[in-house]
Amino acid sequence: MKRINIKALCISATASNQGKTILTTALLYHYKKSVRPFKIGPDFIDPLFHEKVCDTKSVNLDTCIMNKNQVKWMFNKYSNKNISILEGVMGFYDGMDKGSSAYDVSKLLDIPTVVILDASGSYTTLSAIIKGLKEYREGNTVKAVVFNHVSSQMHFELIRKQVEKDFDDIVILGWIKSKLDSLDSIHLGLDLGDNDKEKLEEISKEVLTNIDLKKLENIASSNYETNDIYPFEKIEKYNKHIAVVNDDNFAFLYHDNLEFLNEHFSKVTIVNSIKDEIIPNDCDIVFICGGYIETQKAYDKFKNSNNFKNSLVNHAKTKAVYGECAGLILLGRKVDDKEMLNLLSLDFELTNRPNRLGYYDNDLGITGHAFHYTKIITDVKGEYTLYKKKNEYEIYAAFKKEKVFGTYLHTMFRNNFSKIKIYFNL
C-alpha cells in the first residue's frame, strides 16, 4: 500500500431530489476535459447521464455487490483523471443497512464529502441538520456544504453567519439560487438530447455562479491509499468472440463489465439492435444488456429490426446467449401483446409498479441488483430464485433452455464470473 495525492469529491445530500444531480452535472461539465465520474450504488441511469455530460464513462462503486478491497481497487483503477467526482445515492447515510451508502463508500476511500442542503424556507435549522450529519456516525467525511434553493444574497448571509458561528470545521462553498432560468426548459435525466446539450454550459455557469471553486478544489485534495493488489479471482483468457447488445434500449451496462469482457475475451463486438445490426457469424457468445424493451416507445425502436432478430435466433440454435433483465424479456415470447424472440417459453406482463427493487442474492451466492416493472405470468420452473433474506421464498427469476439463459439480476462480472460462466457456455 502507498498513499498518493489525488483530487476527489463525493457529492451527497440528506435525501433524493435535493440537488445532487444538478450540482454533479455542473461540476462534471465544468471539469469535463479531465474528470472521472463515479456513481455510488448499482444505479444505471445516473452513470449514463454523467457520460453524456462530460463524455467520460462513469463507474459504479458498490460495497454491497463488491467487498471493500474490491471497491478500493475499482476506484484506484479508474481514477485516472485530474479529478474524480462521486455522486451519492439517496441521503448520505441511506443504504448503511447494506453497507453501500455514500457514508460507507466515502469513508472507505477517505474522500471528502460536499453535502448539498435544501435551504428553501430555512436558515438556522440548517445548522442543526449539519450537526446531525456530522455526529450521527464517526469517521464520516463531511467537509463542506452548498446551499440549494436560496432566495437571495441576504438569505445566504443569514445561513452563512449561523453555520460559521456553529462550526469551525465545515467549509461553506456557496449557494445555488432558486428557480434557475436555465432549468426551465430542460429535464435532467436519461433523455438529454442534442438541443439540451447546448444548454449545459449555461446550466453549469448558473449553478456555479455563487460557488467558490478554489475552495472546492482545496477540499477535493485527498491523501489516498492505493490498492495495487488484484483482489479478485484470476479468470483465464478465453479465445472467444463475444457480442454485446448495447444501445438505447439495452443501455444498462456497467462500464467495468465491458472492461472485464475486453480483458478476458479475444474479441468483443458491440451490436446495436435499433440500427438493425446483425450478430456476427463468427461470434461464440451473445450478452444482451438490461434496459427498456417493454414500453411501447422502446419496442417501436427495434420492432422492425428483423436482420438483428433473425441473426440472434440463428445464433441461439447452437451457441450461447446470456440476457439480463431487458435481455431476459427479449428472449421470451411476449410482453403483453408485444412479440419477442420466443427463445425462452416465458410470457411477461408490464405492471404500473416495481415488482422488484433493490439488492438481491441468488441461489448461486451472487449479490446483485434488480429493478423491473414486468412480471412473468408463465408457470414454469427456472434455474434459481432471488431473495433479500436467506431462505426467504421468491419466485424464479432466471431461466435456461439449451444454451440460452436469461435473468432479472444485474451483477458485476469481475467478482462473480466464475459462478456465472457456465451460462456463457464456458
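This is a predicted model: local features need pLDDT of at least 70, side-chain atom pairs count only at pLDDT 80 or more; totals for chains, interfaces and linings use all residues.
Residues are numbered from 1 along each chain as its sequence is written. Local features need pLDDT of at least 70, side-chain atom pairs count only at pLDDT 80 or more, and totals for chains, interfaces and linings use all residues; side-chain values use heavy atoms, without hydrogens and water.

**Asn-140.** This residue sits in the loop between α5 (124-135) and β6 (142-150). Helices (H or I, at least four residues) and strands (E, at least two) are DSSP runs, numbered from the N terminus. Asn-140 is buried, at 14% relative accessible area. Buried means under 20%, exposed over 50%, and partly exposed in between (1.4 Å probe, protein chains only). Beyond neighbours within four places in sequence, Asn-140 touches Phe-92, Tyr-93, Tyr-103, Leu-133 and Lys-134. Contact here means heavy atoms within 4.5 Å.

**His-264.** Helix α10 (residues 255-264) holds His-264. His-264 is buried, at 8% relative accessibility. With neighbours within four places set aside, its contacts are Ile-235, Glu-236, Lys-237 and Tyr-238.

| Side chain | Backbone atom | Distance |
|---|---|---|
| Asn-140 | oxygen of Lys-134 | 2.8 Å |
| Asn-140 | nitrogen of Val-142 | 3.2 Å |
| His-264 | oxygen of Phe-260 | 3.0 Å |

**Surface patch.** Leu-350, Leu-357, Phe-371 and Tyr-373 form a nonpolar surface patch of about 320 Å². Patch residues have over 30% relative accessible area and no salt bridge; like charges are joined within 9 Å, nonpolar side chains (Val, Leu, Ile, Met, Phe, Trp, Tyr) within 5 Å. Salt bridges pair a side-chain nitrogen of Lys or Arg with a carboxyl oxygen of Asp or Glu within 4 Å. Areas come from the Shrake-Rupley method with a 1.4 Å probe; for residues, only the protein chains shown count as cover. Leu-350 belongs to strand β16 (residues 347-350).

Terms used
A polar contact is a pair of N or O atoms within 3.5 Å; within protein, one must be able to donate a hydrogen and the other to accept it, and residues adjacent in sequence count only if both atoms are side-chain atoms.
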